[in-house]
Amino acid sequence: MIIRELFKHLKSITTLTVLFFSLSHAYAQELKLNDLEYFETQGVNVLVYSNLFTGGFNDEKNAGIELIHHGVRTAQGGAVRLSNTPEQWDLVPEIPTRKVDRASKSIESILRYKDYDFDSRVIVTAKGNGVEISVYLDKPIPKELEGSAGFNLEFLPSQYWGKAYIVDGRYNRFPRYVVGNSVARPNNEKPKQFKGYKTYDDRGTGKFIDPLPLERGRAFLLAPDEPSRLVKITSQDVDLMLFDGRVLAQNGWFVVRSILPSGKTGKVLTWTIEPNAIKGWVREPNIGFSQVGYIPKQPKVAVIELDKKDKPLANASLYKMDNDGSAREVFSGKIVSWGDYYKYHYVKFDFTSVTAPGIYYIQYGNFKTNDFLIENSVYDKITDATSDIWIPIHMNHMFVNEAYRVWHGEPFKEGYLQAPPNTDHFDLHAQGPTTDTKYKALELIPGLNVGGFFDAGDFDIETGANISVVQNFVQTWEYFKPLRDQTFVDQKQRYVDLHRPDGIPDVLQFIEHGTLNLVAQAEIVGHMTQTLSNAVLDNYHHLGDAASITDGLPYNPNLGPYEKAKDGRSSGVKDDMWAFTNRNPRLDLFAATMFAASSRALKGYNDDLSARALVQSKRLLKEATELLAAKPEDNSPWGASANVGTNLQLFVATGEKQYLDKFQELLWPALDRNVNTTLLTALNAVPHMDASFKEKLRPYVVKYADYIKGLEKENPYGVPIVLGNWAGSGAILNFGTTICFASQYFPDVVAPSEAFKATNWLFGCHPYHNYSLVATVGATRPKAVFYGNNRADFSFIPGNVAPGILFRKPDHFENYDDWPFLWGQNEGTIAGNTNYLIFGSAFRNLVK
Ligand SMILES: [Ca+2]
Ligand SMILES: [Ca+2]
Ligand SMILES: [Ca+2]
């Protein structure tokens with residue numbers, strides 16, 4: 001009742017018109033089960049298990065019953081769950097069935113928790129202005145899950161904080177920051193977490209934290225003060241509760257939840273959810289353009305993303321700002337339709353003919369973009385933040401300072417222990433049945449805590465990624481010789497200072513830093529490790545200073561769990577990092593090529609390290625070749641394509657014909673199989689090959705040029721768009737770099753101007769919003785939040801490249817810019833960001 005009154009109040013209109021409007025309103029907003037198998041009305045999409053809990057990291061906040069509300073995915077995780085506020089490593093249900101019944105306008109799924117032999121059925125049915133969610137049990141819930149199993153639906157904090165809510169007539173507001181009540185309960189009452197891991201350190205109390213509800217009742221109204229977020233939830237049989245998941249994890253959501261009744265079967269829960277649809281709502285156009293700007297002579301095409309209900313305008317205009325601050329229209333051009341792509345309609349506005357340097361904005365109907373530059377220098381600095389800020393901040397085993405701020409102290413002073421055999425790892429690694437080293441389980445492997453780069457938003461050293469990183473730096477050095485020096489690096493002091501030139505090109509210092517760790521691995525372990533990573537989950541999800549992940553003291557089993565030795569030199573805290581050491585000859589081979597490359601680059605700068613790298617290169621090459629020869633050939637596409645690049649690097653490093661022959665033997669069939677993914681490797685070979693190689697390569701470059709043209713028809717942006725669980729900036733970088741080198745060697749086949757498609761996408765011309773995906777880089781409107789190690793501060797590390805525009809099945813692209821915590825959209829990696837360094841350098845070279 002209260003809710004109905006509230007709706008009246010909101011509309012502030014007379015009773016008669018309320019009646020009239022609520023009738024027509026109800027008709028207009030009725031949810032339909034559409035051809036893509038979700039419930040839809042204009043402004044509201046309710047997805048039912050279109051996206052399953054299948055990610056590598058359990059609860060990725062990307063699955064379940066989801067709500068896309070006026071264009072923004074504001075709710076997800078709708079499912080039977082086992083805790084009040086599920087975390088990333090809590091158990092998620094398998095969803096083996098999904099039945100769509102058009103006659104009854106319903107979608108039915110079984111949700112299964114194998115660990116508890118617990119099945120439930122969830123049926124979602126279109127009902128008037130919303131959906132009804134019912135949970136059925138064929139057997140009562142297992143005893144051990146009584147009071148734990150419930151139905152949850154999670155709401156995005158950044159879209160709800162500061163907004164009001166009403167529960168059974170009581171008024172309240174969603175908190176901006178979590179300040180909630182919780183209780184500590186005995187560990188044995190906590191449902192199992194993934195593979196028996198624990199996300200928390202109970203400090204010896206034997207208890208876990210359980211958040212208490214903020215509210216409890218039968219009728220919830222979320223955001224009555226914001227029609228685009230207004231959702232009404234009512235429950236017939238059991239109470240609804242509201243929790244704040246941020247008590248346990250900064251990436252937690254607001255959770256609406258009902259506990260399933262114990263000892264009952266049949267229909268045990270019924271919720272009605274009515275998301276408000278604003279009458280006549282049409283999504284605002286998303287005018288995509290390069291936030292970094294344009295050089296005068298380049299193509300300049302804005303791609304405008306439109307609601308399918310929106311009527312495209314005939315023209316758009318370009319305004320130029322005069323030096324007195326006024327603006328005037330300098331160009332008006334036709335809007336040209338591209339067509340539909342997934343959920344939206346796309347049109348283009350070409351203003352290539354505008355070439356005068358200046359400050360501009362686009363006017364499309366009532367919509368005016370922020371301003372951007374047309375100027376010859378706009379791309380000059382696109383890699384500086386990445387090389388000067390992001391990369392040095394990710395230097396492991398160093399103290400990193402910037403002016404008044406310390407980014408992190410020196411991490412992992414106690415070094416790394418041998419990971420015990422038969423250990424699974426939460427970051428998707430494993431130690432097999434043997435260690436493949438001379439070290440005993442949990443014995444210190446001395447000397448590994450030197451050099452290396454943090455992987456990404458986490459702090460481990462992924463060996464494969466670090467090898468790529470050194471290769472990327474060497475490639476950058478050898479192709480472009482950047483002498484840029486803005487970073488002070490002192491390996492003796494283990495100290496890095498940003499913005500302090502020290503007379504040494506930074507790229508050389510980065511090559512040295514990466515090589516130091518990798519050489520240490522090869523020398524001390526005898527081969528490459530898989531990873532140097534956390535031993536316990538409760539310090540893997542660390543947010544804050546990397547130096548405080550561990551206590552810096554070696555673990556001493558003679559001490560109590562949280563005890564520190566009297567001499568202060570060891571502790572009883574089991575926080576030491578582990579080295580996962582199974583030998584992989586393919587990785588060793590990959591390392592051998594990297595060592596050869598870094599040996600070349602370091603010669604004359606650090607001759608000792610250069611010589612050590614060369615020794616390891618030769619040794620690993622010999623041993624890995626023998627080990628691989630003793631194994632059956634890996635014919636998987638990955639194995640073969642990895643071999644192409646490795647053999648090229650081996651040839652470049654050694655000059656030996658056998659590697660050249662093997663490279664050629666593998667290259668041409670790989671190009672025949674997939675020119676798009678292999679061409680860059682082939683182009684990397686051009687400087688090392690004779691003219692006949694280039695001629696043989698030409699038809700493949702022609703094929704690639706056709707592929708580039710074909711992309712124009714595939715999507716409105718003319719770039720490869722990735723639809724997986726990790727968004728596609730990496731593919732864009734690869735695409736852009738391939739174009740740069742292809743047009744350098746084959747300018748008659750691939751026009752250099754094609755490369756602007758990659759920068760356009762990265763810097764703002766893409767679906768969902770028009771922000772630059774590269775943190776802070778020269779753009780008017782870069783993204784504001786990224787998944788870096790400072791993500792809990794809703795911040796960024798300058799120079800980071802976000803994976804970007806994530807696809808959610810069946811038709812939704814998104815990139816949250818108020819919520820950093822979805823890694824598939826917002827995390828930058830060391831390998832990806834050093835790829836950006838290569839792309840940016842190649843691109844700048846091309847522009848010149
Ligand atoms: Ca990692
Ligand atoms: Ca330097
Ligand atoms: Ca320690």
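Buried denotes a relative accessible area under 20%, exposed one over 50%, and partly exposed a value in between (1.4 Å probe, protein chains only). The views show a predicted model, in which local features need pLDDT of at least 70 and side-chain atom pairs count only at pLDDT 80 or more, whereas totals for chains, interfaces and linings use all residues. Residues are numbered from 1 along each chain as its sequence is written, chains are lettered from A and ligands numbered from 1 in the order in which they are written, and side-chain values use heavy atoms, without hydrogens and water.

**View 1. Site of the calcium ion (ligand 3).** Donors are N, O and S atoms within 2.8 Å of the metal (3.2 Å for Na, K and Ca); water is not among the atoms, so sites may look incomplete. E414 (OE), D551 (OD), L553 (O), D575 (OD) and D576 (OD) coordinate the ion at 2.3 to 2.4 Å. The donor residues follow the sequence spacing E-x136-D-x1-L-x21-D-D. Within this set, D551 and D575 lie 24 residues apart, both in the loop between α7 (537–540) and β39 (577–580), and the pair links distant parts of the chain. Helices (H or I, at least four residues) and strands (E, at least two) are DSSP runs, numbered from the N terminus. D575 is buried, at 6% relative accessible area, while D551, at 31% relative accessibility, is partly exposed.

**View 2. Site of the calcium ion (ligand 1).** The protein donors are D427 (OD), D455 (OD), D458 (OD), D458 (OD), D460 (OD), D460 (OD) and E462 (OE), at 2.3 to 3.2 Å from the ion. Their residues are spaced D-x27-D-x2-D-x1-D-x1-E in sequence. D427, in the loop between β32 (423–424) and β33 (430–431), and D458, in the loop between β34 (444–445) and β35 (461–462), are 31 residues apart and link distant parts of the chain. Both D427 and D458 are buried.

**View 3. Helix α8 and its ends.** The 18 residues of α8 (585–602) reach 25 Å from first to last C-alpha, close to the 26 Å expected at 1.5 Å a residue, where the expected span is 1.5 Å times one less than the number of residues. Of these 18 residues, 16 are buried. At the helix start, a side-chain oxygen of N584 comes to within 2.9 Å of the backbone nitrogen of R586. Just after α8, G604 has a positive phi of about 90°.

**View 4. Cysteines C740 and C765.** A disulfide is a pair of cysteine sulfur atoms within 2.5 Å, and the count by this rule is 0. The sulfur of C740 has its closest cysteine sulfur in C765, 18 Å away and therefore too far for a bond. C740 is buried at 2% relative accessibility, and C765 is buried at 4%.

Methods: Polar contact = N/O pair within 3.5 Å; in protein donor to acceptor, adjacent residues only side chain to side chain.
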